[in-house]
Amino acid sequence: MDFKNDVNMLTRPELIKIYIDEFNVSEERRLMLKGEKYYKVENDILDRKMYRYENEVKVLDETKTNNRLAHGFMHNLVDDKINYLLTKPYTMTCDDKKYLDTVQNILGKRFQKKLAQLGTETSNKGIAWLYPYIDDNGQFKTMKILSEQLIPLWLDNDHEELQAMIRYYDVEVYEGKEKKYVTKIEYHTPDGVEYYVKDGNGDVILDAERYLDVEGEDILLPHFTINNEPGTWGRVPFIPFKNNDYELPDLQFVKTLLDDYDLTRSDTSNDLEDIKN
């Protein structure tokens with residue numbers, strides 16, 4: 001979608017708010033969060049409550065035996081997959097040996113571990129994102145950005161080229177002695193970044209803190225600065241790592257089976273404890 005040519009003539013902040021609100025309640029994001037929870041063995045069975053009926057009314061019964069046994073199959077499956085695919089040192093080939101050495105030195109020794117982290121993220125959430133940036137010392141670095149924080153705006157149906165990327169995340173701030181959370185928003189394009197924040201009414205507005213030292217009215221800031229010189233990547237600086245063509249997490253294919261394991265084993269444990277009692 002092109003923000004500039006939207007038929008509804010909505011402003012960019014209004015459209016960003018719509019995208020975030022829709023993504024927050026989407027099945028896609030729900031699966032991302034659920035995939036991570038099952039990897040941490042926080043299965044749905046842990047939320048199970050026991051009920052009884054009183055005068056045909058369903059009420060919570062805390063006296064019933066309620067063993068909740070969560071199996072760690074998802075954790076084991078993902079770790080086995082990553083250990084098989086991404087623990088062997090990666091190799092690169094290039095006719096220019098000097099160029100190859102430069103690339104390997106820039107990526108650093110920890111890039112192998114980062115690949116494994118991206119593999120775990122994409123297995124749990126369907127897609128993972130690597131973000132390149134320039135640090136305060138002018139060095140090229142990369143970091144993994146949580147998938148549930150990102151809303152990609154694709155140019156094509158194959159999801160191969162990005163038009164823009166919306167990133168949003170909560171930061172902890174203090175107003176006096178009161179702690180609260182503020183949602184920060186970044187809108188990345190090939191030419192730079194715009195910074196927004198959600199106000200108390202939930203509306204998206206410019207993040208004034210980001211523009212305190214900015215001269216002029218241009219809200220598009222550079223991707224990075226080296227020696228006080230602004231620079232841009234020339235493309236949206238997010239690299240996708242897809243789990244499959246449908247960008248689905250591994251949990252999607254085994255969740256019902258895992259839930260059945262948890263339920264039947266927990267029920268059997270309940271029955272055995274009730275018989276003993």
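Tyr 131 is buried, with a relative accessible area of 14%. Buried here means under 20% relative accessible area, exposed means over 50%, and partly exposed lies in between (1.4 Å probe, protein chains only). The model is predicted: local features need pLDDT of at least 70, side-chain atom pairs count only at pLDDT 80 or more, and totals for chains, interfaces and linings use all residues. Residues are numbered from 1 along each chain as its sequence is written, and side-chain values use heavy atoms, with hydrogens and water left out.

The structure holds eight aromatic pairs. Rings of Phe, Tyr and Trp (its six-membered ring) pair if their centres lie within 6.5 Å; planes under 30 degrees apart count as stacked, over 60 as edge-to-face and the rest as tilted. One of the pairs joins Tyr 131 and Phe 238. Their centres are 5.0 Å apart and their planes stand at 35°, a tilted pair. Tyr 131 lies in strand 3 (residues 127-134), while Phe 238 lies in the loop between strand 11 (229-231) and strand 12 (239-242), so the pair ties together parts that are 107 residues apart in sequence. Strands (E, at least two residues) and helices (H or I, at least four) are DSSP runs, numbered from the N terminus. Phe 238 is buried, with a relative accessible area of 5%. Ring pairs also bring in Tyr 133, linking Tyr 131, Tyr 133 and Phe 238 into a cluster.

The rings of Phe 224 and Trp 233 also pair. Their centres lie 4.8 Å apart and their planes are at 55°, so this pair is tilted. Phe 224 counts as buried at 15% relative accessibility. Trp 233 is partly exposed, at 29%.

Charges also sit over rings. This requires NZ of Lys or CZ of Arg within 6 Å of the ring centre and within 35 degrees of the ring normal. The charged end of Arg 210 sits over the ring of Tyr 195, 4.1 Å from its centre. The charged end of Lys 242 sits over the ring of Trp 154, 5.1 Å from its centre.

Asn 43 is found in the loop between helix 2 (27-39) and strand 1 (51-54). Asn 43 counts as buried, at 1% relative accessibility. A polar atom of its side chain lies 3.0 Å from the backbone oxygen of His 71.

Leu 77 is found in helix 3. Leu 77 is partly exposed, with a relative accessible area of 48%.

How values were computed
Polar contact = N/O pair within 3.5 Å; in protein donor to acceptor, adjacent residues only side chain to side chain.
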